[in-house]
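Here is a short tour of the structure for anyone about to plan work around it. Have the sequence and the 3D view open side by side, and follow the topics in turn.

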Amino acid sequence: TQNPHEVARVKNLNLIQIGKHEVETWYFSPYPIEYAYLPILYICEFCLSYFPGVKQLSRHRVKCTLQHPPGNEIYRKDDISFFEIDGRKQKVYCRNLCLLSKLFLDHKTLYYDVDPFLFYVMTMRDEDGAHFIGYFSKEKESSEQYNVACILTMPQYQRMGFGRLLIAFSYELSKVEKRLGSPEKPLSDLGLLSYRAFWAETIVSLLVDQQKTGIELSIDDIANRTAFQPTDVLHTLQNLNALKYYHGQYVIVLSDTVIKNNERAMKKKKREVDPKALNWKPIH
Ligand code: ACO
Ligand code: ZN
């Protein structure tokens, strides 16, 4: 006797085509059953609708004139843009986005109810349009002060610094809101690696800069400057072995190794979020 739910949750689709990319999927996603056993699922890279064959997709592309995600373009710098999409106003797009991202997210429940979320889609522009790189979702009202619900870089763009850019952007929004934020738990292994790297790099860079002024920063000071929650700052400092008990209190001390590693990391050319290119006000 098999549990019907277990059968239903076995990974079904193996391959999708989106834009110029064929992408192997990682996990189950509840696409309608008639699409589940296709050799390849064809996805319109702009509206994220899905089709059983290449013919149906090209017929769709004649009608679908989108060359970017729906919603407001709230950031543009060089070829990178962010679009803010309201789950209540763009239900179909946001459900399609959730279905697509579930193919690469194991531990998250899929929200059919997209109304309570805003979706921040990051694109890279070329002559054909603004191509979908990744996104994060965010609850309109989070009782836990989460500033990210789900975050994804499409596999064909992973390990190129785009996850870092998404994370950095989520904290820029929190800075504008004058709030401290943190990603929704639990994090995936890849999510944890990416957040830890981002937190460490940001905090160490801030501390190194600050050393020049001679004024020491507390954990709360670091939190307020970065929009990280104090517990994330604390855990990052613990991971860096940077909290020392000295004369009856904790002080933050960066070892030479930590500083050297940070210098090396900062030498890699990285895309940064430019706060001046953000044109956004919170809705609440
Ligand atoms: N192995 C080791 N370190 C990694 C890896 C990996 N596979 N991926 C990221 N990192 C670390 C590295 O330190 C990396 O910096 P480096 O490349 O200079 O060494 C750093 O994270 C940032 O990497 P990016 O290239 O900026 O991140 P990427 O674009 O690959 O996106 C993300 C990271 C979003 C987590 C991506 O792996 C992904 O979409 N995974 C599937 C979905 C997922 O797990 N999302 C997070 C769920 S948790 C949540 O939603 C709140
Ligand atoms: Zn389309």
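This is a predicted model: local features need pLDDT of at least 70, side-chain atom pairs count only at pLDDT 80 or more; totals for chains, interfaces and linings use all residues.

His21 in β2 is the bridge partner of Ile18.

- **Strand order.** Four strands make up an open sheet in the order β2-β1-β3-β4, and the pairing is mixed. β2 (21–24) and β4 (50–51) are the edge strands, each pairing on one side only.
- **The antiparallel pair.** β1 (residues 15–18) and β2 run antiparallel and are joined by four bridges. The two strands form a hairpin with two residues between them. In that turn, Gly19 has a positive phi of about 60°.
- **The parallel pair.** On β3 (residues 41–43), β1 finds a parallel partner, with three bridges between the two strands. Here Gln17 stands opposite Tyr42 in β3.

## The five-stranded sheet

- **Strand order.** A second open sheet holds five strands in the order β5-β6-β7-β8-β10, with antiparallel pairing. Because β5 and β10 stand at the edges with a single partner strand each, one side of each has no neighbour in the sheet. On average, neighbouring strands of this sheet are turned by 20° against each other, direction ignored.
- **A pair inside the sheet.** Seven bridges link β6 (residues 80–86) to β7 (residues 117–126) in the antiparallel sense. One place to look is Glu84, whose bridge partner in β7 is Tyr120.
- α5 lies across β6, β7, β8 (129–139) and β10, and runs at about 50° to β8.
- Lys77 belongs to β5 (residues 72–77). Is Lys77 buried, exposed or partly exposed? It has 15 C-beta neighbours inside 10 Å, so Lys77 counts as partly exposed. Leaving aside residues up to four places away in sequence, Lys77 touches Asp274 and Ala277. Ser29 is 48 residues from Lys77 in sequence, and the two are 33 Å apart in space, C-alpha to C-alpha.

## The shell around ligand 1

- **Who is there.** Ligand 1 is surrounded by 24 residues, and the closest are Thr153, Gln158, Gly163, Ser188 and Gly191.
- **Where they come from.** At least two residues of the shell come from each of β10 (151–153), α5 (162–177) and α6 (189–211). Which element gives the most to the shell? That is α6, with five residues.
- The shell holds 13 nonpolar, seven polar and four charged residues.

## The annotated residue and its loop

- **What the record says.** An unreviewed UniProt entry carries the annotation "active site" for Glu184.
- **Setting.** Glu184 lies in the loop between β11 (182–183) and α6. With 19 other C-beta atoms within 10 Å, Glu184 is partly exposed, because a residue counts as buried only at 20 or more.
- **Contacts.** Beyond residues up to four places away in sequence, Glu184 touches Tyr146, Val148 and Ala149.
- **A cis bond.** Lys185 and Pro186 are joined by a cis peptide bond, with omega about 0°. Pro186 is in the loop between β11 and α6.

## Two positive phi angles to check

- **Arg159.** Although Arg159 is not a glycine, its phi is positive, at about 60°. Arg159 is placed in the loop between β10 and α5. With 10 other C-beta atoms within 10 Å, Arg159 is exposed.
- **His247.** A positive phi of about 50° is found at His247, which is not a glycine either. The loop that holds His247 runs between β12 (243–246) and β13 (249–252). His247 is exposed, having 5 other C-beta atoms within 10 Å.

Technical notes:
Residues are numbered from 1 along each chain as its sequence is written. Chains are lettered from A and ligands numbered from 1 in the order in which they are written. A residue is near a molecule or strand if its C-beta atom, placed from the backbone, lies within 6 Å of it. Ala, Val, Leu, Ile, Met, Phe, Trp, Tyr, Cys and Pro count as nonpolar, Asp, Glu, Lys and Arg as charged, and the others, Gly among them, as polar. A residue is buried if 20 or more other C-beta atoms lie within 10 Å of its own, exposed if 12 or fewer, and partly exposed in between; C-beta atoms are placed from the backbone. Two residues are in contact if their C-beta atoms, placed from the backbone, lie within 7 Å. Two strands pair if DSSP finds at least two bridges between them. Axes are lines fitted to C-alpha atoms, for helices over the stretch in contact, and angles run from 0 to 180 degrees between N-to-C directions. UniProt positions are given in the numbering used here, feature names are shortened, and annotations may be inferred rather than shown by experiment.
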